Amino acid sequence: MKKYKILYTILIVVSFSIVLFSSCKEDPPDIPDKGPTAYKFPTPKFFPTDLNIPDDNPTTVEGVKLGRYLFYDGRMSGRTECDSQMSCATCHIQEKGFEVGFNNPDFVDGHPHGIPDAQYPNGKLTPHYPLPLVNLVYNHNGYLWNGLVSENNTMLGLAAYGVPAEEQYHLKNIESLVWMGIVAQHEMNGSIQQTVDMIASIDIYPPMFKDAFGTEEITYDRISKALAQYIRTIISYRTKFHKWLRHEQGVTLEPDEMRGFEWLMSEKADCFHCHGQTALLTTNEFYNNAKDSCFTGPCQDPRDRYGVTKDEMDRGAYKATSLINCELYGPYMHDGRFKTLREVVDFYSDHLVNSPYVDPLMEWIYYGGTHLTELEKDDLIAFLGTLTDHDLLNDPQYSKPADLDTGCN
């Protein structure tokens, strides 16, 4: 009996010691929040590796997710009424290569317009036709048709839009396009604060902002950064041509497509000076491509390249757009003057217009064009058809989120 009492006493002492020791131990340290997850960009062969991503807005999985929701949310206009909702996706449509595309019935003669107001009851038309939001992460030469938004632009705000000269309202990168789109009369035709207040009032967003930026605070700066992150991920590299270029199994160019590629890269068709970069199909530079002869006085377009640089030789110059997905884009050129690719090819073949401002790379200007045969034109158009990225157009990661409900179709 005494033996059991001793064992019982030992058990009590040991148990007490364990409890005492446990109570004296420090609480385990908090596990630090790892923060957003870095987004991994694809690295397709022949594509540039120098990405245009500002240091203050690294691309993250959570930021891209948030940006995708904002890209498709019509309440970015600061309004809930269905006839007054507008988002980036209103004019940059996935199935159209993130451009408006041919004969869009939602717009005037396929031409985009802003949300109507008393001054413009049908909405103010955009000054130029939209550019596609594809492969912008590779562009270091400026955005928009004239390159106004660029890394070298030191302007802040825009008096014409009533936007103050504050650091967040710069004109340097994709982020800048957000505030411009919100306030421009020919786009969302709203106010920045109205948009911020609207997004902040929607239940799904505070947790998403916390995931992307660490707290639930919703500001214009964060909205613009999330949208820019998403747009930078829209990369088109899965066309038939690119797959053939990478020697992917089973991908071949038909004889007419191959001839068209050869024409595009030849002095004969003279396309390669502006579109010969085999991955991007553009230099992202600005050219006067001999469409007109008058560029001053009543003919002057304040939104051409000259409007930015004030260099006389930039009169009538605009960005050379990428040929990727070009069969979807029309109408073509900054002003949409050509309705079909055939019209574009015919112009370069037979209808160049000389002027003192024509770019020197337009080698056939003194002949009025390259004078392609009808067969050569057919071949060139056949090749352009290989530049449509059907994988991108149908990729669900770029589509409207299934659970995003704005109360409108």
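Visitor: Where does His-247 lie?

Guide: His-247 lies in the loop between helix 8 and helix 9. Helices here are DSSP runs of H or I with at least four residues, strands are runs of E with at least two, and both are numbered from the N terminus. Before we go on: this is a predicted model, where local features need pLDDT of at least 70, side-chain atom pairs count only at pLDDT 80 or more, and totals for chains, interfaces and linings use all residues. Residues are numbered from 1 along each chain as its sequence is written, and side-chain values use heavy atoms, leaving out hydrogens and water.

Visitor: What is the phi of His-247, and is the residue buried or exposed?

Guide: Its phi is near 60°, a positive value in a residue other than glycine. His-247 counts as exposed because its relative accessibility is 68%. The scale runs like this: buried is under 20% relative accessible area, exposed is over 50%, and partly exposed is in between, with a 1.4 Å probe and protein chains only.

Visitor: What about Lys-310: where is its place?

Guide: Look in the loop between helix 11 (306-309) and strand 2 (318-319). Lys-310 has a phi near 60°, again a positive value in a residue other than glycine. At 54% relative accessibility, Lys-310 counts as exposed.

Visitor: Now the rings. How many aromatic pairs does the count come to?

Guide: A pair of aromatic rings is described by how far apart the centres are and by the angle of the planes. Rings of Phe, Tyr and Trp (its six-membered ring) pair if their centres lie within 6.5 Å; planes under 30 degrees apart are stacked, over 60 edge-to-face, and the rest tilted. By this rule the count is 22 aromatic pairs. One of them is Phe-241 with Phe-261, a tilted pair at 5.2 Å centre to centre and 55° between the planes.

Visitor: Which parts does that pair tie together?

Guide: Phe-241 lies in helix 8 (residues 240-245) and Phe-261 in helix 9 (residues 255-264), so the pair ties together parts that are 20 residues apart in sequence. Phe-241 is buried, at a relative accessible area of 0%, and Phe-261 is buried too, at 12%.

Phe-261 also forms a tilted pair with Phe-383, at 5.3 Å centre to centre and 35° between the planes. This pair links distant parts of the chain: Phe-261 in helix 9 and Phe-383 in helix 14 (residues 374-384), 122 residues apart.

Visitor: Which residues are buried in helix 14, and what covers them?

Guide: The buried ones are Glu-376, Lys-377, Asp-379, Leu-380, Ala-382, Phe-383 and Leu-384. Their cover includes helix 8, helix 9, helix 12 (326-329) and helix 13 (341-350), with contact taken as heavy atoms within 4.5 Å.

Visitor: Which rings do ring pairs link into a cluster?

Guide: Phe-71, Tyr-72, Phe-98, Tyr-230 and Tyr-398.

Visitor: And which residue has its charged end over the ring of Tyr-237?

Guide: A charge sits over a ring if NZ of Lys or CZ of Arg is within 6 Å of the ring centre and within 35 degrees of the ring normal. For Tyr-237 that residue is Arg-238, with its charged end 5.4 Å from the ring centre. Arg-315 lies over the face of Tyr-306, at 3.8 Å from the ring centre.

Visitor: One last stop: what joins Gly-330 and Pro-331?

Guide: A cis peptide bond, with omega of about 5°. You'll find Pro-331 in the loop between helix 12 and helix 13.
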